[in-house]
Amino acid sequence: EAKLNRMRGLLVDLGFHETLHYSFSSREAEALVLGAEASSGLVEMQGIQGKEFNVMKSSLAPGLLRTLSMNLARGRKNLSLFEVRTAFEKNAEAKADSKLETGVVEAPKLALAFTGHDLEEDWEGTKREASFYALKGIVEAILASLGRKGFKYQAKDLPSMFHPGQSAGLFLGNRALGFLGRVHPRVEKNLELNQAVFLAELDLNSLLQGAKSADRFRPFSRQPQVERDFSAMVSDSVPADKLKSLALEAAKPFAKELRFFDVYRGERVPSGHVSYAFRVVLQAEDHTLTEAEISSAQAAIMAALTSQAGAKFAGL
């Protein structure tokens, strides 16, 4: 319960509003988001005459997205919602002759969705549109609050409600923690979502299993932070996570944070390549960074990304 409250508090601090939806729906309504194949396997309600509430929800996403759709239709453009609730899935291992097993697994989940302006300003001090990288940062903040490390992203086996080019699965070892990304155009059309929506759904059993508290106090550094922006072009085959890990490792011990704030594919970038713009936060624990230390950290980042990721930097 303490871990759940920590996650709730974090999301509220980030500007999200908690929602609560029914645990049951109609198969037709769920199919608009999950797709026909996934909705065909939903747990059916027994003794229900109508079709409005004839299945149990296996995902929190449909409820969140319908709430976003209703608000967008009423003129609200900047929305950030989350929900923590149990979903219901069929248990493939249930024994047919067992009087104790219902054949249904209760799966606690966390889902969050946002659209419109990003939660942070860009380097010019203006609001940015919501993006996959902003969503990724929110999910990673949740993981950090639980002391989770060593997770990775893989663009495979994505649920059909996600955009295949702007989504990823989140894994810890071989265990799937959930999925995150932009909502698929099919879903946007079905629910009349007239602007891009970004969604994450995480399995709380997997997320919280073995999670450690991250509440241990660390004194804040009194030393000033320095921010430096980079623009690097790499092959499409190089994931953004690799750039981040290489940069942070190269600029140790001064690199404290790296945030992507733009991604570009277009006329100014060769086919098969992508340009990433990112900001690195540098800080020493015991002194103000010198110009030599800042320049050395910048050079180390560029050298590491050039040699290990084939990056080409703007202006070079």
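**Basis.** I am working with a predicted model, in which local features need pLDDT of at least 70 and side-chain atom pairs count only at pLDDT 80 or more, while totals for chains, interfaces and linings use all residues. Residues are numbered from 1 along each chain as its sequence is written, and side-chain values use heavy atoms, with hydrogens and water left out.

**H2 and H4.** I looked up how helix H2 (residues 27–34) meets helix H4 (residues 61–73), and found that they pack at about 85° with their axes 9 Å apart; helices here are DSSP runs of H or I with at least four residues, and strands are runs of E with at least two. H2 is therefore roughly perpendicular to H4, a term that covers angles of 65 to 115 degrees. In the contact (heavy atoms within 4.5 Å) I find Ala29, Glu30, Val33 and Leu34 from H2, with Pro62, Leu65 and Arg66 from H4.

**H5.** I then turned to helix H5 (residues 132–145), whose 14 residues reach 20 Å from first C-alpha to last. Because 11 of these 14 residues are buried, H5 is largely enclosed by the rest of the structure, where buried means under 20% relative accessible area and exposed over 50% (1.4 Å probe, protein chains only). The buried residues include Phe132, Tyr133 and Leu143. After H5 comes Gly147, with a positive phi near 70°.

**Loops.** I noted that Glu192, although not a glycine, has a positive phi of about 55°; Glu192 sits in the loop between helix H6 (185–190) and strand S11 (197–203), and is exposed at 65% relative accessible area. Finally, I recorded a cis peptide bond between Lys252 and Pro253, with omega about -5°.

Terms used. Axes fitted to C-alpha atoms, helices over the stretch in contact; angles between N-to-C directions. Parallel < 35°, antiparallel > 145°, perpendicular 65-115°, else oblique. Expected span 1.5 Å × (residues − 1).
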